[in-house]
Amino acid sequence: LGTLEFYTGEQWKTVNSFKDTGGRGRGLFQGGREGPNPFSLIEYINISSSGNTITFGDTTTGCIHPRGMSSSIRGLFAGGYGPTELDTIEYVTIASQGNGIDFGDMSEELHAMATMSSSTRGIIAGGDTGPSVTNLIEYVEINTLGNTQDFGDLTGAAMRLSGGMNSTRGLILGGTDSVGYGGDMKSNFITMASKGDAVEFGTLNPDRGYHASASNSVRVLNGGGYHQNISGGLTIIDSITTASLGNAIPFGDLSIDRYALAATGNETRAVFVGGTDGTTDNYNVMEFVNFATSGNALDFGDLIAGRYGMSGLSDCHGGLGGF
């Protein structure tokens with residue numbers, strides 16, 4: 001990429017990177033639904049500690065299955081369903097509290113897409129348009145306001161997927177191309193600093209949709225989800241090393257089988273929140289794992305309002321440091 005790099009003592013990073021020691025950063029969760037009513041609520045946690053969420057503010061529209069993108073300063077919430085697909089993007093300043101502010105619009109009305117972020121760009125891939133599924137990839141410059149611009153295309157149309165990243169590469173993971181919640185979709189990757197079509201590389205373990213992903217600079221962890229041939233939700237957490245790609249490998253388990261959950265993280269921890277098993281729609285559970293060690297999830301605290309179909313983001317994820 002022609003960028004300058006420095007050595008943190010653990011790995012090479014680009015010059016606008018930070019070295020997160022696990023002691024900084026907020027995670028935000030927005031949207032979702034319990035029963036018939038979608039939420040506009042935004043709540044937050046301090047990822048390096050444990051405890052219940054705290055009210056942050058509200059977005060202008062309550063919706064289900066929006067998606068989050070973020071730099072170290074701004075958080076963006078895109079799309080969603082409430083009660084029709086939305087094309088809106090709103091932003092907040094992560095370090096302060098307050099309501100969402102209009103950022104711009106996507107080129108399509110979407111929900112259940114994949115999102116990923118670098119320090120400067122937020123990228124949206126795939127998604128459910130209501131009548132169809134899209135293969136479109138588009139992006140925004142997080143530090144400015146405006147509508148999305150074309151980035152490229154996925155190898156195939158997909159929805160109910162997730163996104164992961166390091167400072168260079170974005171991963172588009174799992175999902176489905178049809179009515180089922182999850183099937184046998186190949187994952188894709190892109191280089192976030194450049195534009196172009198995605199490249200196919202591997203599958204989740206098992207492949208699924210309506211899962212949630214959190215990233216540090218080394219790996220992406222994918223928790224929960226739904227497969228159309230497996231009854232109910234899944235407890236599985238699997239792992240992908242972002243720089244080397246390949247199929248996901250087992251990491252551990254959530255305490256409750258569920259799908260349509262949300263996740264975020266810092267360099268040390270991934271936190272998985274909320275979800276549904278198809279019967280219970282108001283799980284308020286929050287659990288965490290440590291990226292560096294495999295194992296089962298541990299209790300973190302509770303959401304203010306239990307629900308499913310939220311989005312998550314943080315100011316200290318693994319994509320920061322890239323352009």
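Colleague: Quick one to start: is Ser217 buried or exposed?
Modeller: First, this is a predicted model, where local features need pLDDT of at least 70 and side-chain atom pairs count only at pLDDT 80 or more, while totals for chains, interfaces and linings use all residues. Residues are numbered from 1 along each chain as its sequence is written, and side-chain values use heavy atoms, with hydrogens and water left out. The cut-offs are under 20% relative accessible area for buried, over 50% for exposed and partly exposed in between, using a 1.4 Å probe and protein chains only. Ser217 has a relative accessible area of 10%, so the label is buried.

Colleague: Which side chain does Ser217 touch through a polar contact?
Modeller: Ser217 lies in the loop between β19 (212-215) and β20 (219-223). I call it a polar contact when a pair of N or O atoms is within 3.5 Å; within protein, one must be able to donate a hydrogen and the other to accept it, and residues adjacent in sequence count only if both atoms are side-chain atoms. Here the distance is 2.4 Å, and the partner is Glu267.

Colleague: How many residues of strand β8 are buried?
Modeller: Strands here are DSSP runs of E with at least two residues, helices are runs of H or I with at least four, and numbering starts at the N terminus. In β8 both faces are covered, with Arg74, Leu76 and Ala78 buried on one side and Gly75 and Phe77 on the other. For the strand, residues 74-78, the count is five of five.

Colleague: And in β9, what is the bridge partner of Arg74?
Modeller: Two strands pair if DSSP finds at least two bridges between them. β8 and β9 (residues 86-93) are antiparallel, with five bridges. On the other strand, the partner of Arg74 is Thr93.

Colleague: What stands opposite Met69 in β8?
Modeller: β7 (residues 67-70) pairs with β8 in the antiparallel sense over four bridges. A hairpin of three residues joins these two strands. Within that pairing, the residue facing Met69 is Leu76.

Colleague: On to the aromatics: how many aromatic pairs does the structure hold?
Modeller: Rings of Phe, Tyr and Trp (its six-membered ring) pair if their centres lie within 6.5 Å; planes under 30 degrees apart count as stacked, over 60 as edge-to-face and the rest as tilted. By that rule the total is seven.

Colleague: Why does the pair of Tyr44 and Phe56 get its geometry label, and which one is it?
Modeller: Tyr44 sits in β5 (residues 41-46) and Phe56 in β6 (residues 54-58), twelve residues apart. Tyr44 is buried at 7% relative accessible area, and Phe56 is buried at 4%. The ring centres are 6.1 Å apart and the planes meet at 85°, so the label is edge-to-face.

Colleague: Which residue has its charged end over the ring of Tyr44?
Modeller: A charge sits over a ring if NZ of Lys or CZ of Arg is within 6 Å of the ring centre and within 35 degrees of the ring normal. Elsewhere, Arg269 lies over the face of Phe288 at 3.9 Å from the ring centre. Over Tyr44, at 4.0 Å from the ring centre, it's Arg26.
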